[in-house]
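This report describes one protein chain, from its overall make-up down to a few side chains. The sequence and structure come first.

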Amino acid sequence: VVANNNKKGLYDSNQGLVVPCEYDNIITGGYDKSPSFAVRKDGNSGYINRKGEIIIPLRYSSVSRFPDPNSGLVVASNGDYCAIYDQYGNNIVPSRQATQCDFVDGMSVGYYGEHPNRQYFIMDKYGKETRLTDVEFIDGFMMCEFKSGRLPVMNTESKWGYIDTKGNLIVPYIYDEAEEYSGDCTRVGTRLEDGAVIYKYLDVD
């Protein structure tokens with residue numbers, strides 16, 4: 001990335017200036033093998049390829065900072081609408097009224113509607129959506145991701161369990177507290193009548 005008069009462009013050691021210095025920001029993040037990069041201009045975001053061609057229109061309020069290395073997918077959002085593109089600019093999921101996290105390791109979490117009527121879903125790297133019909137809440141939503149193939153979720157009775165990347169409930173809703181997996185284990189808690197919480201660790205089966 002090079003800059004001139006507070007505008008940014010892309011420079012290639014073999015080809016010279018391949019993208020003129022016309023963008024407010026270009027995010028490469030050190031992903032040298034990425035075929036495309038997030039850009040921002042005049043308050044709008046999109047993606048360009050290595051030739052400088054716009055492949056995701058600059059009409060979004062925000063886009064994923066980088067394509068997910070696992071799936072190559074990008075979330076592009078405008079208010080409470082979002083669309084899914086691949087790293088070459090192909091529109092995988094058309095814009096619809098939903099809020100969705102960036103893809104991490106080929107998985108993304110999202111929801112339709114607003115609390116208390118949110119309908120959560122997960123989406124895989126093929127754009128396949130699975131509705132989570134009994135999930136009431138996902139903690140730290142915009143930062144959440146599957147760890148060790150599991151995600152903590154809460155049901156309508158305020159009990160926590162874990163789902164896998166297919167949306168299957170693999171740890172039942174029996175805990176009062178639940179944390180993300182770290183490596184091959186996680187910590188869960190059960191609250192006693194006096195308010196004290198008893199913690200224990202769960203391993204990946």
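Lys and Arg are counted here as positive and Asp and Glu as negative, while His and the chain ends are left out. The place of a charge is taken as NZ of Lys, CZ of Arg, CG of Asp or CD of Glu. On that basis the chain carries 21 positive and 29 negative side chains, and the centres of the two sets are 6 Å apart.

The model is predicted: local features need pLDDT of at least 70, side-chain atom pairs count only at pLDDT 80 or more, and totals for chains, interfaces and linings use all residues. Residues are numbered from 1 along each chain as its sequence is written, and side-chain values use heavy atoms, without hydrogens and water.

**The chain as a whole**

There are 21 strands and zero helices; both are DSSP runs numbered from the N terminus, helices (H or I) of at least four residues and strands (E) of at least two. The C-alpha atoms fill a box of roughly 65 × 30 × 30 Å along the principal axes. Of the 205 residues, 41% are buried (under 20% relative accessible area with a 1.4 Å probe, protein chains only; exposed is over 50%, partly exposed in between).

**Aspartate 68**

Aspartate 68 sits in the loop between strand E8 (62–63) and strand E9 (73–78). This residue is buried but has no salt bridge, and lysine 125, the nearest side chain of opposite charge, is 8.4 Å away. A salt bridge would need a side-chain nitrogen of Lys or Arg within 4 Å of a carboxyl oxygen of Asp or Glu. Leaving aside residues up to four places away in sequence, aspartate 68 touches Leu73, Phe103, Val104, Asp105 and Gly106, a contact being heavy atoms within 4.5 Å.

**Aromatic pairs**

The whole structure holds five aromatic pairs. Rings of Phe, Tyr and Trp (its six-membered ring) pair if their centres lie within 6.5 Å; planes under 30 degrees apart are stacked, over 60 edge-to-face and the rest tilted. Two of the pairs are tabulated.

| Pair | Centre to centre | Angle between planes | Type |
|---|---|---|---|
| tyrosine 60 and tyrosine 85 | 6.1 Å | 75° | edge-to-face |
| phenylalanine 137 and tryptophan 160 | 6.2 Å | 75° | edge-to-face |

Tyrosine 60 in strand E7 (residues 54–60) and tyrosine 85 in strand E10 (residues 81–86) are 25 residues apart, and both are buried. Phenylalanine 137, in the loop between strand E15 (129–131) and strand E16 (151–154), is 23 residues from tryptophan 160 in strand E17 (residues 160–163). Phenylalanine 137 is partly exposed at 32% relative accessible area, whereas tryptophan 160 is buried at 9%.
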